[in-house]
Amino acid sequence: MSDKTLSVWNPVKTDRFLVGAPHYPEHVDENYWERDAERMAKAGFNVVRMAEFAWHILEPKLGTFDFDLFDRAIAMLGRYGINTIMCTPTATPPRWLTVAHPEILRVDGKGRPMSHGSRQHCDTASPVFREHSRRITKAMAEHYRDNPFVVGWQTDNELNTSMPESFSKATLTEFQAFLASKYGEIGKLNTAWGGDFWATAYDDFDQVVLPIEFGPTFPSPGHLQDYHRFLAFSTARFQHDQVEILRAVKPSWFVFHNLGGLRDIDFRGQFSTDLDFVGYDIYPMLYDEFQRLGNHAKVQALHLDICRGFSGNYIVPEQQSGFGSQPGFCTLTPEPGELRRMALSSVAHGADGLMFFRWRPAHFGAEIYWMGIIDHDDIGRHRYEEAKRFATEMTALAPKILGTYVRMDVGIAGSDFDNQEAHKTYPIGLPSPQDDAILLHQYCYDRGIACGFIHPEDDLSKLKLLYVPHWVMWKDEWTERLKSFAEQGGTVVIGARTGTRNEDNHVIRETAPGTSLSQLTGVRVEDFGRLAAPGANGLFDVMERSGGLVIPPNKPAESHRRERRFKIGNRELVGGYFYENLAITSDVEVVAAWSNRYAEGQPMATSRKLGKGQVVYIGTYLTPDLTAALAERLFAPVGIEPLIGDLPEGVEVTMRMNDHCRLLFIQNYTDQPAAIGGVPAGRDLLDDEKPVAGRLDLEGYGCAIIELGGELARGVEAKELPHTNPLP
């Protein structure tokens with residue numbers, strides 16, 4: 001088992017920058033293999049990933065193993081200096097297994113079993129499926145124990161991406177066992193789930209049911225919370241089975257997983273601590289947020305910053321290289337120059353290794369138009385040349401990049417499984433903590449301010465400001481960490497509703513935000529209520545999608561007559577989603593006050609001095625205007641400034657650093673040339689170490705990595721706050 005401590009500041013412990021592509025030799029005639037290996041080597045690739053969907057080849061029938069195809073493919077690649085990462089093939093069990101054991105299939109909330117012919121159709125909670133997973137993992141590990149070209153392993157493939165839930169008999173039995181182990185006595189479960197509400201109590205654990213959505217109405221939030229805790233537990237247990245075998249067979253192998261949808265996985269538990277590092281698959285032109293955030297560069301930055309918050313730097317086992325599709329959806333196509341720029345963006349946000357998906361596209365199956373580095377006609381065009389350029393650059397710069405972490409001046413509390421799930425159990429149309437935090441992340445991204453996500457249990461000393469976005473479940477030990485951070489000069493900002501539920505998803509029996517947070521902030525919540533979403537037609541429009549109350553389109557919503565406004569400085573703004581009326585202690589300053597209706601003059605946002613820093617409380621949700629107003633008030637006093645001033649629109653800037661160097665990544669994510677002023681002095685490592693100071697011109701999709709040095713580094717150090725860790 002890996003002994004790493006989970007931290008956003010962790011680099012991947014590797015002696016080289018892994019660069020290559022997922023490769024499927026089973027998808028192409030063998031007479032292509034050597035040509036593929038030769039072209040990979042010329043592109044500067046040093047690794048491939050294979051076999052994640054090949055269980056039917058590796059074990060064509062129960063107990064009969066055939067590794068010949070992959071042995072030959074691995075040997076061919078090895079002759080050209082390319083190593084292989086093997087994958088456990090458990091995302092796609094063979095048909096003979098599902099015929100023999102149909103009970104291992106997942107079942108959806110309507111009672112329909114999943115079918116062979118797709119992927120992730122089997123239930124990772126099933127003891128029978130776990131047994132077969134362990135068996136194929138052990139057979140593969142023992143076979144490749146002494147193969148010098150196999151350097152590491154990926155577990156499964158994008159666990160829970162297609163369908164995290166299951167309502168099978170196996171899931172029910174395992175869920176009941178999980179609860180019995182957790183609570184010990186059925187009375188404790190009834191208390192935790194609020195069994196006296198709607199007569200939902202049980203007499204024994206074997207009576208417990210799975211929480212069916214709308215069956216016919218809503219289940220208890222505690223019931224839902226524990227179900228998703230169980231799904232995360234069973235996912236980690238399923239992976240642990242494989243990791244345990246791989247480490248026992250050959251401890252020197254590295255082991256990771258490639259995450260996709262991030263559902264029902266508790267990253268701060270065993271799932272991540274089992275692994276040497278985590279992998280995140282990134283398809284910037286695919287995600288739903290593309291429309292919400294405006295462009296794919298912002299989507300990529302957001303997703304990778306969120307992911308880095310779980311356990312630190314990562315590798316990207318699948319980086320979008322071209323057009324991608326399955327029958328029901330597709331992505332945009334990267335234009336010439338964008339493949340390299342998107343790959344460099346992954347590195348800028350913490351990637352210590354990257355593989356382009358995929359080497360060549362399939363000619364059959366559900367992804368026939370998911371393009372790779374090589375086209376269907378076996379020709380490598382601009383995508384091959386860009387991948388080659390990127391691989392060459394990363395190999396040369398690996399000594400400088402590896403061992404650095406991504407700078408963050410503004411931290412956003414993230415990567416807490418319970419709080420994201422608690423929101424889902426009782427959303428009432430409000431943004432999730434992560435969705436609320438996106439506004440602050442995007443504000444910083446657009447202005448070149450170093451920002452990211454971090455857990456309160458992590459090392460906060462490198463931050464200047466920490467924002468907690470309405471984490472309803474709160475631990476008192478986190479309060480102590482925030483208090484210490486503020487006393488040393490940091491600014492803490494706590495959002496509405498934080499600390500209002502306990503770990504069982506019950507509303508606390510104290511005045512919000514609870515004793516420890518009230519003592520920290522100096523505020524008590526006397527009243528609260530719901531507001532319309534910013535720009536919404538009415539309070540209840542969010543309920544239309546779930547069959548709830550619908551406001552007729554021509555009738556003004558009652559919420560508009562109850563609009564809440566507040567004054568901050570000389571500006572009057574509109575509150576969004578939620579309001580709280582606050583009572584304050586004598587040592588608290590009112591930062592903003594409600595300015596209309598019965599609450600006029602009552603505090604909305606407050607600040608309390610604490611040591612060298614302060615704790616700010618906000619009695620509403622973020623809006624773009626409120627985010628900007630808070631930044632204008634809070635950033636400058638603690639030394640939060642853009643990495644580059646007056647950053648042009650369409651240019652992204654981030655910094656990777658350690659005790660020895662600072663690397664400023666500058667990228668133009670538009671197709672038009674960009675002129676960037678105010679660039680600090682240094683050398684552009686992507687342009688023959690050309691000196692740069694003041695102005696930098698980038699072509700469309702152009703990139704620079706500026707190694708800062710000399711007077712600039714000393715100038716930056718002088719502006720660091722006492723509570724940070726400046727470079728020597």
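Me: What does E689 form a salt bridge with?

Reply: In this predicted model, E689 forms a salt bridge with R683, and the closest N and O atoms of the pair are 2.6 Å apart.

Me: And how exposed are E689 and R683?

Reply: E689 is partly exposed, its relative accessible area being 39%, and R683 is likewise partly exposed, with a relative accessible area of 33%.

Me: How many salt bridges does the count come to?

Reply: The count comes to 41 salt bridges.

Me: What about E38, which residue does it form a salt bridge with?

Reply: E38 forms a salt bridge with K42, with 3.6 Å between the closest N and O atoms.

Me: Where do E38 and K42 sit relative to each other in the helix?

Reply: E38 and K42 both belong to helix α1, which covers residues 33–43, and because they are four residues apart there, about one helical turn separates them.

Me: Buried or exposed, that pair?

Reply: E38 is partly exposed, at a relative accessible area of 32%, whereas K42 counts as exposed, with 54% relative accessibility.

Me: What meets the side chain of K462?

Reply: The side chain of K462 meets that of D459 in a salt bridge, with an N to O distance of 3.5 Å. For its part, D459 is partly exposed, having a relative accessible area of 31%.

Me: Let's switch to the surface. Which residues gather in a patch of negative charge?

Reply: The residues in that patch of negative charge on the surface are E457, D476, E477, E480, E487 and E510.

Me: Take E477 from that list: where is it found, and how accessible is it?

Reply: E477 is found in helix α16, which is made of residues 476–487, and with 47% relative accessibility E477 counts as partly exposed.

Me: Now something else. Is T491 buried or exposed, and which strand does it lie in?

Reply: T491 lies in strand β15, residues 491–494, and T491 is buried, since its relative accessible area is 1%.

Me: What does T491 touch?

Reply: If residues up to four places away in sequence are not counted, T491 touches K464, L465, L466, F485, Q614, V616 and V638.

Me: Last one, S126. Where is its place?

Reply: S126 has its place in the loop between α4 (95–100) and α5 (127–143), and S126 is buried, with a relative accessible area of 2%.

Me: So what is S126 in contact with?

Reply: Leaving aside neighbours within four places in sequence, S126 is in contact with I104 and A170.

Me: And how far apart are S126 and E174?

Reply: S126 and E174 are 48 residues apart in sequence, while in space they are 7.7 Å apart, C-alpha to C-alpha.

Conventions:
Residues numbered from 1 in each chain as written. Predicted model: local features only at pLDDT ≥ 70, side-chain atom pairs only at ≥ 80, totals over all residues. Heavy atoms only, no water. Helix = DSSP H or I, 4+ residues; strand = E, 2+ residues; numbered from the N terminus. Buried < 20%, exposed > 50% of the residue type's maximum accessible area, 1.4 Å probe, protein only. Contact = heavy atoms within 4.5 Å. Salt bridge = Lys/Arg side-chain N within 4 Å of Asp/Glu carboxyl O. Patch = residues over 30% accessible without salt bridge, like charges linked within 9 Å, V, L, I, M, F, W, Y side chains within 5 Å. Areas by Shrake-Rupley, 256 points an atom, 1.4 Å probe, with all protein chains shown as cover. Lys, Arg positive; Asp, Glu negative; His and termini not counted. Charge placed at Lys NZ, Arg CZ, Asp CG, Glu CD.
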